[in-house]
Amino acid sequence: RIASQSGDISIIGIGRGAGGSLEGVQLGIDNSTGSEVFSQSGTISITGTGAGTLDDNRGVYIESDAAVLPVDGEIIIVGTGGGGSGEGEENDGVDVAGAIEATGDGSVSVTGFGGGTTSGKHQNRGIDVNGFVSGISTNSGSLTLDGTGGGSVGEDYNLNDGIRFNR
């Protein structure tokens with residue numbers, strides 16, 4: 001757990017390497033213990049850049065057992081998917097399988113840029129919200145999502161959505 005009552009939290013991660021599954025920031029490991037980033041009134045800022053040339057090089061990956069939970073503070077998440085020179089898939093900018101939830105007056109801003117920019121094939125989404133427990137919500141603050149799909153164009157290059165919601 002990463003927590004703060006009133007101070008800001010900043011998390012920055014850059015994946016390195018040439019293969020797959022090289023996330024910039026990964027919260028959670030898909031088990032029952034969960035991971036949480038919590039702030040009562042401070043800003044939570046998470047920035048991640050995926051690496052690699054193959055699949056699953058997400059900028060920011062919030063797994064199904066993870067949550068980002070400010071009360072009155074702001075959430076700012078920016079992710080850029082990797083897989084820039086290979087034919088990779090699932091190089092999402094921000095992949096949300098868990099929860100991003102501002103429960104008080106806090107606002108949420110999520111910006112994602114899909115990877116696989118030179119020859120990446122499918123599913124290089126800017127923002128991908130997927131899974132049974134996934135969601136992005138606020139109580140009374142503003143909610144902004146800005147996603148740009150990656151990959152290339154052509155017959156075999158599809159599903160590079162800017163933003164996708166799939167439950």
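Two strands are taken as paired if DSSP finds at least two bridges between them, and the strands themselves are DSSP runs (E, at least two residues), numbered from the N terminus. The model shown is predicted, with local features requiring pLDDT of at least 70, side-chain atom pairs counted only at pLDDT 80 or more, and totals for chains, interfaces and linings using all residues. Residues are numbered from 1 along each chain as its sequence is written, and side-chain values use heavy atoms, with hydrogens and water left out.

**View 1. Strand β5 is joined to strands β2 and β8.** Strand β2 (residues 9-14) runs parallel to β5 and is joined to it by six bridges, with Thr47 of β5 as the bridge partner of Ile12. Six bridges also join β5 to strand β8 (residues 75-80), again in parallel; here Ser45 is partnered by Ile76 of β8, and Thr47 stands opposite Val78.

**View 2. Strand β8 is joined to strand β11.** The parallel pairing of β8 with β11 (residues 108-113) comprises six bridges, and within β11 Phe113 is the residue opposite Thr80.

View 3. In β8, the covered face holds Ile75, Ile77 and Gly79, and the uncovered one Ile76, Val78 and Thr80.

**View 4. An open sheet of five strands.** The strand order is β1-β4-β7-β10-β13, with parallel pairing. Because β1 (2-4) and β13 (135-138) stand at the edges, each with a single partner strand, one side of each is left without a neighbour in the sheet. Strand β10 (residues 99-102) is joined to β13 by four bridges, and Ala99 has Gly135 as its bridge partner.

**View 5. Ile100 in the largest nonpolar core.** This core, a set of buried Ala, Val, Leu, Ile, Met, Phe, Trp, Tyr and Cys residues joined through side-chain atoms within 4.5 Å, has 21 residues, and those with the most contacts inside it are Ile46, Ile77, Ile100 and Val110. Beyond its neighbours within four places in sequence, Ile100 is in contact (heavy atoms within 4.5 Å) with residues including Ile62, Val68, Ile77, Val110 and Ile136.

**View 6. Arg58 and Tyr61.** The charged end of Arg58 sits over the ring of Tyr61, 4.1 Å from its centre, where the criterion asks for NZ of Lys or CZ of Arg within 6 Å of the ring centre and within 35 degrees of the ring normal.

Methods. Buried < 20%, exposed > 50% of the residue type's maximum accessible area, 1.4 Å probe, protein only.
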